[in-house]
Amino acid sequence: MVKSLILSAIFMALTVLPAFASEVHWSYKGDTGPEYWGCLNEEFGKAIGSAQSPIDVQMGRVEQTGGAKLGIHYVDGAFSVLNNGHTIQMAPEVKNESYITLDGEKHYLQQFHFHVPSEHHINGVTLPMELHFVNKSDAGKLAVVALLFKEGGSYSNSKGDGSNKILAPAWENMPTERNATARIAKFAITKLLPAKLTNIQYSGSLTTPPTAEGVSWIILDERAYAADAQFKKFNTVIGDNARPVQPLNDRRLYLSSGVRQ
Ligand SMILES: [Zn+2]
């Protein structure tokens, strides 16, 4: 009797222990891959609604008005570089200095990271890399600015070999081991951004578990450039890390303008 009570107490303790999202193993392939994320734990399952990201952006569906006015105020400075096993993530050491505004509301840059190949498709086409600048308002609302990369050197940021020289310090110091970090004393984040900040906006989700919705997506219309060797280096360290595109459902896409602040 005592034994069975103890056993049932242990059983109950095990069943009520929350599975912390950060501890749940997920990946981009196999039985912990994107098609199974919703089954890996309850929180992941609940997060998947009808407004998921990424999506295939059909340019013909983009409405000319209705987007929020974008302002970007990013500041060059020291960044940490983390290999978190899912991506390479860079975070500003000085918090609340870099931000974007959406219709005047500030969202502070938390970190930015990369996906190879791109997560968003444009008219059904995948690009070699996508960068996500993740910004958060004081109210906790997330707004992600996506910058898509093409291969090539016709770009002021390019070295003669076609590689993106702004990314170079991060690529040269890229931590190859999971949870390893590096530091870049002065990273020119402002030079990563294209000249024109015209963008396409829609409401979506995070693209990694838990894929919580209510995220404002801002996809820059102008492309950045980097060399195939840079895409390949990332891919060698991290592997493919793009979630497949999700159904648009009844969501709308809006064109908007943007300015540097
Ligand atoms: Zn991302």
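Contact here means heavy atoms within 4.5 Å, and with that in mind I would like to start from Phe 133, which, leaving aside residues up to four places away in sequence, touches Tyr 74, Leu 109, Gln 111, Phe 112, Ala 143, Val 144, Val 145, Leu 147, Ile 189, Leu 192 and Leu 193. Please keep in mind that this is a predicted model, in which local features need pLDDT of at least 70 and side-chain atom pairs count only at pLDDT 80 or more, while totals for chains, interfaces and linings use all residues. Residues are numbered from 1 along each chain as its sequence is written, and side-chain values use heavy atoms, with hydrogens and water left out.

Turning to the metal, the zinc ion is coordinated by His 113 through NE2, His 115 through NE2 and His 132 through ND1, at 2.0 to 2.1 Å, with donors taken as N, O and S atoms within 2.8 Å of the metal (3.2 Å for Na, K and Ca), and since water is not among the atoms, sites may look incomplete. The donor residues follow the spacing H-x1-H-x16-H. His 115 counts as buried because its relative accessibility is 1%, and His 132 is buried at 2%.

Notes: Buried < 20%, exposed > 50% of the residue type's maximum accessible area, 1.4 Å probe, protein only.
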